[in-house]
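Some comments on the model follow, as numbered points.

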Amino acid sequence: MSTTLARPRSLLISWLAVTTLMLGIFAIVTSEILPIGLLTAIGADFGLSDGTTGLTMTLPGIVAAVAAPTVTLTTARLDRRVMLCVLMAVLAVADVLAAVATSYWVMLISRVLVGLTIGGFWSIGAGLAGRLMPSHAVGTATAVIFSAVPLGSVLGVPAGTIIGNLAGWRTAFLVLAALALLVLAALLMLLPPLPAHQITSPRVLLDLLRTRGCHHALLATFLIVLAHFGTYTYVTPFLQDVTGLPPAAVSAVLLAYGIAGIAGNFLAGKTTVTRLRGTFMTCGFLIAAATLLLPSAGSTVVGAVLLIVVWGLAYGGVPVCSQASFITAAPRAREAATVVFTSSFQATFALGAFLGGRVVDAFSVSTVMICGGLTALLMAVSLWSLT
């Protein structure tokens, strides 16, 4: 395989295939979180409150957590290229269904399909860098694939929101459906046949879950994702109510957060190769510092901006570090490791957003920052204790 990849054209095609996987995850991530920018418009169209409309955000995460192991196990012997193409087609259907939904129930069905795509595509596609690239480029290729996560926040949601404001929220979903179809075409052209390499079975998953390395990865992922989504989901009201920024300024701050996240993603992609635990631990400490300091220093514009940028830089490395931790625990079962990563990540994403909302309703947006910061600190200390 390495001999084939050594040829410039083959290496170029491999990088194009990796980029296509990134665009696929970008389309998925944007489809998942686009309602953040269009929540009020969607709710108004169906005559619903923001809270009820918020199911469009929580439902995909819950479905994805279940779909990750289910889809991977039931299709374990199928060519992974075929599965990725089928899942991208499902995403296109989901986005079209959202665009033409005449009732909220139809909208929720489309969100279930988005969750199904997240669970399947991430579990299969996120770990394919090792099968597409030579060993020395796997770390960078993995970072390219995961750059789709911050790019969804930086480019996907703002662009979708602008389209929604100009042409209606349904048009934004139609544009995403078109993107999914373009990615489908690129996957068909650029991905080589990928027959099941390490068949993922229930036994393989159970064996992985019994390993000490998997226990450590699960604990770290649970704590840091809980901390992040329990707080970041409510960063906009914090910036408006505590910092006192107008909506346009909040958008600019979140853009800076996203740019920092992209930088953090690629930095982590390089350092996880040799210093995985140290990199993951650093991400935890920085998120803890940013969120714990926000209630006090975040009352000023300069303090808030600096802390949000630090937060973005740190969180940009979290998905890369988390997945690498699971793969390190099971180097011979990369797909199984990615299944556990995807399922745990998505389940904790939904739980974090839910619990954060309960804290905000019961206390305040500053309180949720402190709770999240303490959780992130616990994650970093738990990793430090293992060194």
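A residue is called buried here if its relative accessible area is under 20%, exposed if the value is over 50%, and partly exposed in between. The model is a predicted one.

1. Helix H9. By that cut-off, the buried residues of H9 are Val138, Ala141, Thr142, Ala143, Val144, Ile145 and Phe146. Seven of the nine residues in the helix are therefore buried, and H9 is largely enclosed by the rest of the structure.

2. The second largest pocket. The space in this pocket comes to about 360 Å³. It is lined by 17 residues, and those closest to its centre are Val138, Gly139, Thr272, Val273 and Ala324. At least two lining residues come from each of helix H9 (138-146), helix H15 (247-297) and helix H17 (318-329). By class, the lining has six nonpolar, nine polar and two charged residues.

3. In one of them, tryptophan 122 and phenylalanine 341 are stacked, with 6.1 Å from centre to centre and 5° between the planes. Tryptophan 122 belongs to helix H7 (residues 104-125) and phenylalanine 341 to helix H18 (residues 334-362), so this pair ties together parts that lie 219 residues apart in sequence. Tryptophan 122 counts as buried because its relative accessibility is 3%. Phenylalanine 341 also counts as buried, at 0%.

4. Aromatic pairs: the edge-to-face example. What is the arrangement of the rings of tyrosine 232 and tryptophan 311? Their centres are 5.9 Å apart and their planes stand at 80°, so the pair is edge-to-face. This pair also links distant parts of the chain, with tyrosine 232 in helix H13 (residues 212-232) and tryptophan 311 in helix H16 (residues 301-315), 79 residues apart. Tyrosine 232 and tryptophan 311 are both buried.

5. The aromatic cluster and phenylalanine 229. One aromatic cluster is made up of Trp122, Phe229, Tyr315, Phe326, Phe341 and Phe345. Phenylalanine 229 is in helix H13 and is buried, its relative accessible area being 13%. Leaving out residues up to four places away in sequence, phenylalanine 229 touches Tyr315, Phe345, Phe349, Gly352 and Ala353. Separation in sequence and in space can be read together for phenylalanine 229 and alanine 329, which are 100 residues apart along the chain and 25 Å apart from C-alpha to C-alpha.

6. Phenylalanine 222. This residue also lies in helix H13. Is phenylalanine 222 buried or partly exposed? Its relative accessible area is 33%, so phenylalanine 222 counts as partly exposed. Apart from residues up to four places away in sequence, phenylalanine 222 touches Thr348 and Leu351. Its C-alpha atom is separated by 9.7 Å from that of threonine 375, a residue 153 positions away along the chain.

7. Tyrosine 234. The loop between H13 and H14 holds tyrosine 234. With a relative accessible area of 16%, tyrosine 234 is buried. Neighbours within four places in sequence aside, its contacts are Ala353, Gly356, Gly357, Val360, Val365 and Met369.

8. Threonine 243. Helix H14 (residues 235-243) includes threonine 243, which is buried at a relative accessible area of 9%. The threonine 243 side chain reaches the backbone oxygen of glycine 298 at 2.6 Å. Residues up to four places away in sequence not being counted, threonine 243 touches Phe238, Gly298, Ser299, Thr300, Val301 and Ala304.

9. Arginine 80. This residue is in helix H6 (residues 80-100). Is arginine 80 buried or exposed? Arginine 80 counts as buried, because its relative accessibility is 1%. A polar atom of its side chain lies 2.9 Å from the backbone oxygen of leucine 78.

Key: Residues numbered from 1 in each chain as written. Predicted model: local features only at pLDDT ≥ 70, side-chain atom pairs only at ≥ 80, totals over all residues. Heavy atoms only, no water. 1 Å grid on protein atoms, 1.4 Å probe; cavity = no way out; pocket = protein on both sides within 12 Å on 5 of 7 lines; lining within 4 Å. Points joined across faces, edges and corners; volume = space filled by probe spheres on them. Helix = DSSP H or I, 4+ residues; strand = E, 2+ residues; numbered from the N terminus. Nonpolar A, V, L, I, M, F, W, Y, C, P; charged D, E, K, R; others polar. Phe/Tyr/Trp six-rings, centres within 6.5 Å; stacked < 30°, edge-to-face > 60°. Buried < 20%, exposed > 50% of the residue type's maximum accessible area, 1.4 Å probe, protein only. Polar contact = N/O pair within 3.5 Å; in protein donor to acceptor, adjacent residues only side chain to side chain. Contact = heavy atoms within 4.5 Å.
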